[in-house]
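Please look over the model below before reading on. My notes follow as numbered points.

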Amino acid sequence: MSLRLVLSASTAVAAAALIVGCGAMGASGGNSMGFFITSANPGKGGDLGGLAGADRYCQSLAASVGAGNKTWRAYLSNAALNGQPAVNARDRIGNGPWRNAKGVVIATSVADLHSANAKVGKDTSLTEKGEVVSGFGDEVNRHDILTGSRPDGTLAVPDPGKDTTCGNWTKSDGGSAIVGHHDHKGTNPDPVANASWNSSHGTRGCSVDQLKQSGSAGLMYCFASN
């Protein structure tokens, strides 16, 4: 084989390796997304398998679109239970900034996320696939996003005998959870709560059907914590 052919073959091999390497980088490390709404519920309504199960679900959806190299956390609060302390959603999600699937910065920090400056809305709160979640006024309303939280991202402390977290995300029937309106729209008498992305009202229950009755598909917010 001539030197020219050897060099040509070597060049072709190197080029192919570069292409494969770039493709791998795009699949595992090139996705800047740090925030999304889950495109679907895992299948059991408010039973997400607890915080750990919700985190795993966020992680799996992120991995499906090439962002699995980050550590993902569900924006959910937990009530104090069985000797375990309460958990605040705002304390689980890292420091920011966070971008959506289109690269738009929705918040630069935890404080920014919980301020009027946050860019959390129907056009920016996209799924991991970069899709808009239907909301109030659409044929199918899915704007109620599970959080269990108050506007500042801390636990919505339940009254005695009440529930704000679907039994710390283990109930698929009965119970209730605080949800926010990702589109800042609805029919709440309280205009402040009506416009809140993370703390609008409680659901009618925790089953898939009960969630649907108040405009929820059991979706949740996911944030990259690193």
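This is a predicted model: local features need pLDDT of at least 70, side-chain atom pairs count only at pLDDT 80 or more; totals for chains, interfaces and linings use all residues.

1. E6 has strand partners. Strand E5 (residues 144-146) runs antiparallel to E6, joined by three bridges. His181 in E6 is the bridge partner of Asp144. Strand E7 (residues 201-202) also pairs with E6, over two bridges and again antiparallel. There, Val179 has His201 in E7 as its bridge partner.

2. Next, Ala74. Ala74 belongs to strand E2 (residues 72-74). Its relative accessible area is 0%. The cut-off for buried is under 20%, so Ala74 counts as buried.

3. What does Ala74 touch, leaving aside neighbours within four places in sequence? Its contacts are Ala54, Asp55, Cys58, Arg92, Met220 and Tyr221. Ile93 lies 19 residues from Ala74 in sequence, and the C-alpha to C-alpha separation is 7.5 Å.

4. Now the whole chain. There are six helices and eight strands. Along the sequence the order reads α-β-α-β-β-β-α-β-α-β-α-β-α-β.

5. Burial and surface come next. Of the 226 residues in the chain, 47% are buried.

6. Last, contact range. Take contacts between residues at least 6 apart in sequence: 65% of them join residues at least 24 apart.

How values were computed: Residues are numbered from 1 along each chain as its sequence is written. Side-chain values use heavy atoms; hydrogens and water are left out. Two strands pair if DSSP finds at least two bridges between them. Helices (H or I, at least four residues) and strands (E, at least two) are DSSP runs, numbered from the N terminus. Buried means under 20% relative accessible area, exposed over 50%, partly exposed in between (1.4 Å probe, protein chains only). Contact means heavy atoms within 4.5 Å.
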